[in-house]
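Open the model in your viewer and keep the selection tool at hand. We will go from a whole chain to single residues.

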Amino acid sequence: MAKLKIEDLKKIKERVHAETALRDGERRAKITVHMGTCGIASGARDVMEALMKAIEEAGVTDVIVTTSGCMGLCSREPLVTVERVGEEPIKYESMNANKMRQVFKKHVLEGEIQTPFVLARGAEIVK
Amino acid sequence: MKVFRSHLLLCGGTGCHASGSLSVKKALVAEMAKRNLTEEIKLVETGCNGFCAMGPIMVVYPEGVIYMMIKPEDVPELVEEHLVKGRILERLLYREPTTEAVIPTMQEIPFFALQELRVLRNRGLIDPERIEEYIARDGYAGMAKALTEMTSGEIVQEMLDSGLRGRGGAGFPTGLKWKFCSASPGDIKYVLCNADEGDPGAFMDRSVLEADPHAVLEGMVIAAKAIGAHFGYIYCRAEYPLAIHRLNIAIEQATEMGLLGKDILGTGFDFNLEIYQGAGAFVCGEETALMTSIEGKRGMPRPRPPFPAIAGLWQRPSVLNNVETFANVPQIILKGAAWYAGVGTEKSKGTKVFALTGDVNNVGLVEVPMGTTLGTIVFDIGGGIPKNKKYKAAQLGGPSGGCIPVQHLNASVDYEKVAELGAIMGSGGLIVMNEDNCAVDMARFFMDFCQDESCGKCTPCREGTKRMLQILTNITQGKGKEGDIELLEEMAGIIKDASLCGLGQTAPNPVLSTIRYFRQEYEEHIRNKYCRAGVCSALFKSPCQNACPVGMDVPAYIGLIRAERFEDAYRVLLKTNPFPSVCGRVCDHKCQSKCRRGKMDEPVAIKFLKRFITDSAPRPRVDPVPVTRKERIAVVGAGPAGLTAARDLALRGYSVTVFEELPNPGGMLRWAIPSYRLPRNILDGEIDDIRGLGVEIRCNVRVGKDLPFEKLAKDYDCVYLATGAHKSTKMGVPGEELQGVWGGVEFLRAFNMDENAWMKGARTLGSKVAVIGGGNSAIDAARCAKRMGADVTILYRRERKEMPAAEEEVTAALDEDIKIEFLAAPLKIEGKDGQVTGITCERMKLGDFDRSGRKRPVAIPGSEFTLAVDAVVAAIGQVPDMAFVPKDSGVVINKWDCYDLAKDSQSRTTNPKFYAGGDAVTGPDTVIGAIAAGHQAAADIDSDIRNALGEPAWEAPAEEKIDVPLLIDEETQEQPQTKMPELHGAERTTSFAEVELGFTRELAIAESCRCLRCDAEV
């Protein structure tokens, strides 16, 4: 890759924003599995595997799956954030493979938030 | 086409497969074949229906009934009930989540709302393995600014102005460190990142490295520019594989993009860095030891000066900062020092990340402005202590730090305040400890850690920590000696003064800090061989027995229930407690709060089992004890303390007379506790047993009126004053003198004096009653008023979890439709023609913490409201009535209206002839506390008499040995506490029939099997 110059930083920023902003018609949802040590220790890998398999089985191609680090609330791990196009992100707590399958089928595909597993909606605010 | 009367649609999705739908299918096929249903009912395996978490799921048509979480062993019943008998099997029925719960936003959850994210600003938002996502959130913009727009001096100045102090623990100003290094001559310099996080319970650095590794790299490049370095190391312990993995990816990606390496961003500045994996020695977190370790030598500290800024790694000028410090840097450069210093306290700027762990509901990583109070972190962000246990202390700074106890919950968490309280900020490990942690054991744990981790270079640290550990271990094993505490303090001073590095200099801190705040616990261990937390198991047989003020042998009587030897169990009870059937009903069961079973699911129902014994076994026969001593003893007050002392003294051969002002004996057991909780025949039975020993109880005699105090002193050799606390505390609001305003105990006494008159309406409170207070008396008063048909509202100034009343009593009151207004306090009692017509209250909100660790209620101005009521019962506290004690009696009454005890005694008053105990000494306490006081007084009176006469100490007659079988299960299944059967319906709230019905034999035996028998010695 070519070495970056300062102005490239800004371009990357814009490009990533464009990529990650969900727009109607292209992507239907983004799913983030939080995979810090705390998440992994409480089963995030199983959750991730179940999710990948569910996506494969459903033959869906317009869902982004990504990972991130610890979200702070280690005692409620594994945490998963589901963000559907045009909707607020929903954070699910204490997930396992079966809950993930259910969330994928009911929420990601059918749009029905699985309230019993939800921690919160929205995102943290950085001042 | 073949027609079936029913279709079973068993889900065969991946989720249901994973939860066992295949074996359910097999069981169904077998069961249907067995019952010849195969021709009538068709089993179909379907695709995933989406309810994976409730799987295996089965839908039964034509009804469309959905069953969930079916196990193979459920199948016979399911087939029998639904397919054969046509009845829906309720217990497996799928239920829609009933509450249409509103989903909170992140800002509505205090855990997230109260945090201020700077270091953790990217948490959960970026993929740490994609550098673009970091750049998209302004990543490397600070570095770009530093490299292109700022000189080395300007960067240092910005850091100085920001007030950032080293987040590794010592809190040295980062800008100053950089300034020294920048000024240090030399063309080769190093930037080092300390990621050797090693405190037990700390995981801030790991989490930052895992979630946002580029922030650390960016900070290091900026530091390099500031001091003129071109090479750096990240010293990370090998136990952090994920952190190292992500760091490596980050370094690789940054290098590839030209954000590390040669000619960064085309600015001409070079900086390379490497990860150095440490083997996990705690001492390598110390800066000089860390550098020695990178140099390839054994990690041991070296003397300073020279400081690393002058001669660090390979004797070159070096800057060493920890992960969190570096992660702060890019934002400071990008947004400016003033922005950074905008939060925090005068001397501690910015935010601090804490790893919140231990006995706290929300375990995790929190970032708060410096100066946030400890109480906010633990109770608001952390969500408080699980299982409603009490906060004891928070350990800050791990093995180098100290603890902050409950009276300092309002302390601002910043470098200065924390140090003042004897702890250190440390790198941010914050371990919350509840009442079940022993201060001495905690000190022992940390000393064990330091002793283990001492590198051995300095003798005071190497040997001193060993000796201190040995002393602490001895204390926890009951082998402590007088002088141990002082010796620990002395050694601590020497180790601190004579060790080279931070490890030794801070190793004694946890010991000093626990001695500072919990010296009494040390003394209890040494002198009484008692561990109040129930941790030091060498000091007791079982935690329940250890928690009981009279040391009841709980495992023995529970073991005897299991063996169905109820009479023997009853004899075990009576060894230590003259009122087992009373305590089986109204004891506050401290034993259960320490029950080991509670760590697994729920504590054993010790109180209910005790009651079961007294309900089902015949009461052991009582024979009079011959009077063998010439001394005559008077007891004033026939409550549990007085009667227990009378019984013990009678057993020791004394002639005892009990004087009671009221018409019947029992004290608060009779005059405060209502009969639906404690039926009078039960109480009478146990009092009769005491009479049966030869104790004389004279009722309707008030000392000071019917019997002069002086005569009592003259006629008896010793007097035990167990006069209780029978006067209600006043509310101190206008209108308290009105007709219809009652004190809690006064109302209960009047009521219990003539239950019939009240119940038949000859006496009444009126149709609407307000009860003020949150203790058991308030609940008792409210439930009595309810039984008279009144509409009852309890007003309490705090929240439910703060109520001192027993949890089950509060639940029972709510079950009986008593309303409780929380966060409301009385302001004025309204009246007309001298009679109560209402009560004006104001709403409260919870403010800072009081010394008990509860939030203080603070009135909300303008929130007054008035309830129309006919009566107000103020049950906010009780004090003893000491009017009968003459001023010149030599018996000193203190400012709390209680008896003062002689310094060297636990029961003798300031007049050696008079002893005292129970509520009249301690203020309102529990039944079991009063019984313990009675035992104490009897032992003291007897030994004082014998000592005075030069007689040998009393020897208890040899007890018959009751052998307790050790019956235990090989494996223990989780199973909650057996519920107490209760009275329901109209009878409950209109009569004084006992509400708790008692365990049946089957329930009691089942419950006794839940005991883990942790008393057993194997």
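Select chain B of this predicted model and draw its surface. The accessible surface of chain B is about 40,800 Å². Carbon and sulfur atoms account for 52% of that surface.

Taken along the principal axes, the C-alpha atoms of chain B fill a box of roughly 100 × 95 × 70 Å. Switch to cartoon: chain B has 40 helices and 30 strands. Its length is 1018 residues, and 58% of them count as buried. Look at the contacts in chain B between residues at least 6 apart in sequence: 70% of these join residues at least 24 apart.

**The contact with chain A**

Now show chain A as well. The contact takes 62 residues from chain B and 54 residues from chain A. About 4,800 Å² is buried between the two chains, with 59% given by carbon and sulfur atoms. Which three residues supply more than any others of the area that chain B buries against chain A? Select Ile103(B), Met106(B) and Met257(B); together they supply 13% of it.

**Helix H3 of chain B**

Then step past the helix to Gly86(B), which follows H3(B) and has a positive phi, near 75 degrees.

**Helices H17 and H21 of chain B**

Select residues 439-453 and 509-528 of chain B, helices H17 and H21. They pack at an angle of about 135 degrees, and their axes are 8 Å apart. H17(B) is therefore oblique to H21(B). By class, their contact has 10 nonpolar, two polar and one charged residues. On the H17(B) side, pick out Ala439(B), Val440(B), Met442(B), Ala443(B), Phe446(B) and Met447(B). Facing these in the contact are Pro510(B), Val511(B), Thr514(B), Phe518(B), Glu521(B), Tyr522(B) and His525(B) of H21(B).

**Last stop: His525(B)**

Stay in helix H21 of chain B and center on His525(B). Is this residue buried or exposed? His525(B) is buried, with a relative accessible area of 0%. Beyond residues up to four places away in sequence, it touches Cys438(B), Val440(B), Ile475(B), Thr476(B), Tyr530(B), Cys531(B), Cys536(B) and Leu539(B).

Note on methods. Residues numbered from 1 in each chain as written. Chains lettered and ligands numbered in written order. Predicted model: local features only at pLDDT ≥ 70, side-chain atom pairs only at ≥ 80, totals over all residues. Heavy atoms only, no water. Helix = DSSP H or I, 4+ residues; strand = E, 2+ residues; numbered from the N terminus. Axes fitted to C-alpha atoms, helices over the stretch in contact; angles between N-to-C directions. Parallel < 35°, antiparallel > 145°, perpendicular 65-115°, else oblique. Contact = heavy atoms within 4.5 Å. Nonpolar A, V, L, I, M, F, W, Y, C, P; charged D, E, K, R; others polar. Buried < 20%, exposed > 50% of the residue type's maximum accessible area, 1.4 Å probe, protein only. Areas by Shrake-Rupley, 256 points an atom, 1.4 Å probe, with all protein chains shown as cover. Buried area = accessible area lost by both parts, 1.4 Å probe.
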